[in-house]
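Let's walk through this structure together, going from the sheet to the packing of individual side chains. Keep the 3D view open as you read.

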Amino acid sequence: MSATLALADLQDDASLPMYQRIKNAIQDKVRQGEWPPGTQIPSENQLAADLNVSRMTINRPFRELTAEGILKRVHGLGTFVAEPPQHASLLELRSIAEEITAQGKKHRAEVLLLEVIPATVNVAQRLGVQAGEQLFHIVVTHFQDEVPIQVEDRYVNPALVPNFMQVDFTQTTPTEYLVSQIKPDEMEHIVQAIMPDAVLMSRLVIPEYEPCLRLSRRTWKDNTVVTSVYLTYPSSRYELSARYKP
């Protein structure tokens, strides 16, 4: 069912300004489940025409509801009813596809790069190899219901996972494949807040002012680094957590 909003949906209380009546009507649609999470709502131009008001009147409730986390704007796609942020544990080595399907959503992967490259000095240090050694490198954008939710930028030690380049990573994720080949005995997780560059903004379809969460992960087997990966998420679509007993 497509999302619509008509004058009949607005409260009759004339003491309220029009933008507040529109905001209340949108909140009611969401609260009552008529517009469930993920629903694309009409554009500002469409609502302005449907309700016979100025676009400025429509813009204010859109801005406020987005700031309150009720709506989310996806650059180039439109405005949607916000879903609860995707939630992942820092203590588990879990595939993004598994996290998404566990929420009843559809996962899709777009492989942007899959190559063999010489290790730069920085990458060599992270993997504990010599600069110039050949490494496997993959960059993947992961989608939840066609909304990009994670960019995965990963380096893999070929000595430990020699068949990595032959895998179809549109059918399985790098995490799933690596865990199926090697059970790591040590992991390192570092979380940072970053501002996206032009490449990340394009891949995640976010505006330049939206910060991102970047999870830097390394896994070891027998004191050798198997893989080093940067997992980058739009802050509005993801949260990371950890729970443990001291």
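The paragraphs below take up the sheet, the nonpolar cores, one threonine and a group of aromatic rings.

A word on conventions: this is a predicted model, in which local features need pLDDT of at least 70, side-chain atom pairs count only at pLDDT 80 or more, and totals for chains, interfaces and linings use all residues. Residues are numbered from 1 along each chain as its sequence is written, and side-chain values use heavy atoms, leaving out hydrogens and water.

Let's begin with the sheet. Six strands make up an open, antiparallel sheet in the order S4-S5-S6-S9-S8-S7. Helices (H or I, at least four residues) and strands (E, at least two) are DSSP runs, numbered from the N terminus, and two strands pair if DSSP finds at least two bridges between them. Strand S4 (107-118) and strand S7 (186-194) stand at the edges with a single partner strand each, so one side of each has no neighbour in the sheet. S7 pairs with strand S8 (residues 212-221) in the antiparallel sense over nine bridges; in S8, Thr219 is the bridge partner of Met187.

Next, the cores. A nonpolar core is a set of buried Ala, Val, Leu, Ile, Met, Phe, Trp, Tyr and Cys residues joined through side-chain atoms within 4.5 Å, where buried means under 20% relative accessible area with a 1.4 Å probe, protein chains only. The largest has 17 residues, and Leu5, Ile22, Ile26, Trp35 and Ile58 have the most contacts inside it. Helix H1 (18-31), helix H2 (44-51) and helix H3 (55-67) are the elements that give two or more residues to this core. Apart from it lies another core of 13 residues, among them Ile138, Val161, Val167 and Phe169.

Now find Thr227 in strand S9. Thr227 is buried, at a relative accessible area of 4%. Its side chain joins that of Arg154 in a polar contact of 3.1 Å (a pair of N or O atoms within 3.5 Å; within protein, one must be able to donate a hydrogen and the other to accept it, and residues adjacent in sequence count only if both atoms are side-chain atoms). A polar atom of the Thr227 side chain also lies 2.8 Å from the backbone oxygen of Tyr155.

Finally, which residues form one aromatic cluster? They are Phe136, Phe164, Phe169 and Tyr177. Rings of Phe, Tyr and Trp (its six-membered ring) pair if their centres lie within 6.5 Å, and planes under 30 degrees apart count as stacked, over 60 as edge-to-face and the rest as tilted. The ring centres of Phe164 and Phe169 are 4.7 Å apart with planes at 40 degrees, so the pair is tilted. For Phe169 and Tyr177, the centres are 6.3 Å apart and the planes at 80 degrees, so that pair is edge-to-face.

Terms used
Buried < 20%, exposed > 50% of the residue type's maximum accessible area, 1.4 Å probe, protein only.
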